Amino acid sequence: MSLPVHQLELLAPARTADIGIEAINHGADAVYIGGPSFGARSAADNSVRDIERLVRHAHRYHARIFVTLNTILRDDELEPARRLAWQCFDAGVDALIIQDMGLLEIDLPPIQLHASTQTDIRTPEKARFLQDAGLSQLVLARELTLEQIREIRRQTDPGRCTLEFFIHGALCVAYSGQCYISHAHTGRSANRGDCSQACRLPYQVVDSQGRFVAHDKHVLSMKDNNQSANLAALVDAGIRSFKIEGRYKDLAYVKNITAHYRRLFDQLLEQRPELARASSGRTTFSFTPDPDQNFNREFTDYFVHGRRADIGAFDTPKNPGRHLGYVTQVGPDSIELTVSEPATVLHNGDGLCYYDLQKELVGLPVNRAQALGDGRWRIHPKDPVASYKDLRRGTELNRNRDMSWVRMLEKKTSERRIGVWVRLQETADGLALHLTDEDGHQGSASVAVPREAARDPARAEATLREQLGRFGATIFEPIDMVLDLSQPWFVPASTLNALRRDAVAALEAARAAAYTRPPRAQPVEPPATYPEDTLTYLANVFNEKARDFYAKHGVKVIAAAYESHEEEGEVSLMITKHCVRYSLSLCPKQAKGVTGVQGTVRAEPLLLINGKEKLTLRFDCKPCEMHVVGRIKKSVLNQARQQAREMPLRFYRTRPLATTGS
């Protein structure tokens, strides 16, 4: 069973369990987090015990916890992965996010399975197959348009699979799961959680005649994803789980971005009463969320509304920040500047930055900030002023770290409460308190107490309401209170407090008992046929169980994953919807109808050069895709052979031959 079709799920990342708890507190309906291994983020692992702690907190709000088990696995890793899956299940985890189809061929617990973004879901056929294979939630490719998403929803069953889409955070320029540059150059596999991020490097772009097209530009570096303006359209297209990227991100990022989207979704839910949130409670914040305050490379909504030319962060992969003002004087140990907004306040520890004459971003951390009046400030940088290249009078300064914002988010910044109806009732020997929460769960407690008439009935009633309404230390808040009494009785405050605590405990127990984890979907029988009968290294088949899976689903030819090192020649090391030619206004389609240009611009290959590294860009104009072509380094192959001797890889070494039928 998938997420109910009327529910919207805000899915937040967590590097640690503590960050995950704050994501829940700031309005997340679900959190995804890495376990102790196999989580596709090598530096974001967590113990099962910590995950269990996060699960307990999330389930209080009927929010869900997903664990990433989304690397491709060697044969010798399948058994440890199986044991980890069972440990996660025993810890109460709601779902596993997977890439490796070999996991479907082993003894997994009855836990729901979600298809990772690494499974590269771009077509209705792929989505429908994964649904039929038993995956209940599908993370669609970031590159899809609204129309493509709508078509995937039309060809899949909303009652069997939920469609998930990234709405915020860093963008991987490659189709997820289709990038091998890191492994080819360093031996570090992105499909195994250890990407070296070659896409963020600066490159020289050279054409087929050796002419420079671009100099030291980060032409594979994308701006950051921000779908804030497209949430309603994505809902209408069929998305029900809305994912924030960022399992490497810090607490401030998760708090701020989760709160930002929680507010947007709450506004949307008010406008669309047929929709509901996927967990319980109402979240309030002590700050105004602002995505610009966190690290970002400026924002794009990518391909949701079709191809655009301004999706790249070509000048820098760093955070350019917000405009602050201009340098008015450069001294031997300080600089002076005038801020553009007179009310702006600078702080010790702020991060400033500027572009040098080569358009490279230069950071300028503030050691001490001194107000001079009239919007003028004297800044003593952390490093000697002379070390800052091209810093001169008139230089525009941005601020990319505001210490007052950082310090504010280090404090408690949210409250998440579940609404309850409160009813106090007389019993034969005392009083009973009944609580009914917004989901219909009930908790009651009673106390034997002599009923003593109050000397001041109005004051007694006020005291009853005040004491019974003190839910501050709990996850609940009163919606309404009914005193079903023949008259306001005098009841000691200690008695009322104990009565309320017992009723709250009973309500929490009722909520816990009512929570059910989403069930594991069953694959259709007979097994669905995979959309293709031949798989290349791009399918990331890295173990015999994965090979068995695809063979069972009708695939005849199955090549080994790139990490098996069978592809030693030039191959596509990255496939991407981003087109360098288009972004540099060199696309033949752009030239159509332009007098004097039409017919002269061709999609010839380009060369990317970074030091000794060279990559070829080839352009497939029919699907409008770019291939980054190269070969694996000999040093990587030598290292792999050494590792194979030390730890033999139980995996077929040659491609199976296609069978010929009559």
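A cavity is a set of points on a 1 Å grid over the protein atoms alone where a 1.4 Å probe fits but cannot get out. A pocket is an open set with protein on both sides within 12 Å along at least five of seven lines. Lining residues have an atom within 4 Å of a point. Grid points are joined across faces, edges and corners, and a volume is the space filled by probe spheres set on the points.

This is a predicted model, in which local features need pLDDT of at least 70, side-chain atom pairs count only at pLDDT 80 or more, and totals for chains, interfaces and linings use all residues. Residues are numbered from 1 along each chain as its sequence is written, and side-chain values use heavy atoms, with hydrogens and water left out.

By the cavity rule, the count comes to 1 cavity of 30 Å³ or more. The largest cavity has a volume of about 100 Å³. Its lining includes C579, R581, C587, P588, K589 and A603. F619, D620, C621, C624, E625 and M626 also line this cavity. Helix 14 (588-591), strand 31 and strand 32 each give two or more residues to the lining. Helices here are DSSP runs (H or I, at least four residues), strands are DSSP runs too (E, at least two), and both are numbered from the N terminus. By class, the lining of the largest cavity has 8 nonpolar, no polar and 4 charged residues. The classes are simple: Ala, Val, Leu, Ile, Met, Phe, Trp, Tyr, Cys and Pro count as nonpolar, Asp, Glu, Lys and Arg as charged, and the others, Gly among them, as polar.

Now follow the strands at this cavity. Strand 31 (residues 613-620) and strand 32 (residues 625-630) pair in the antiparallel sense over 5 bridges. Two strands pair if DSSP finds at least two bridges between them. D620 stands opposite E625 in strand 32. F619 has M626 as its bridge partner in strand 32.

On to strand 30 (residues 606-610). Here 5 bridges join strand 30 to strand 31, and the two run antiparallel. L608 stands opposite L615 in strand 31. This pair, too, forms a hairpin, with 2 residues between the strands. G611 in the turn has a positive phi of about 60°.

Strand 17 (residues 351-355) and strand 20 (residues 396-401) run antiparallel and are joined by 3 bridges. In strand 20, N398 is the bridge partner of C353.

Strand 21 (residues 414-426) pairs with strand 13 (residues 282-285) in the antiparallel sense over 4 bridges. T283 has R416 as its bridge partner in strand 21. Strand 21 is joined to strand 25 (residues 476-484) by 8 bridges, and these two run parallel. There L424 has L483 as its bridge partner. Strand 21 also runs antiparallel to strand 22 (residues 430-437), with 7 bridges between them. E426 stands opposite L431 in strand 22. Strand 21 and strand 22 form a hairpin with 3 residues between them.

Turn to two helices. The axes of helix 1 (residues 17-25) and helix 2 (residues 48-60) come within 9 Å and cross at roughly 10°. That makes helix 1 roughly parallel to helix 2, a label for angles under 35 degrees. A17, D18, G20, I21, I24 and N25 in helix 1 meet D50, R53, L54, H57 and A58 in helix 2. Contact means heavy atoms within 4.5 Å. By class, this contact has 5 nonpolar, 3 polar and 3 charged residues.

Finish with the open space. About 880 Å³ lies in the largest pocket. Its lining has 41 residues, of which R41, C172, C195, Q197 and E245 lie nearest its centre. The lining divides into 17 nonpolar, 14 polar and 10 charged residues.

Note on methods:
Axes fitted to C-alpha atoms, helices over the stretch in contact; angles between N-to-C directions. Parallel < 35°, antiparallel > 145°, perpendicular 65-115°, else oblique.
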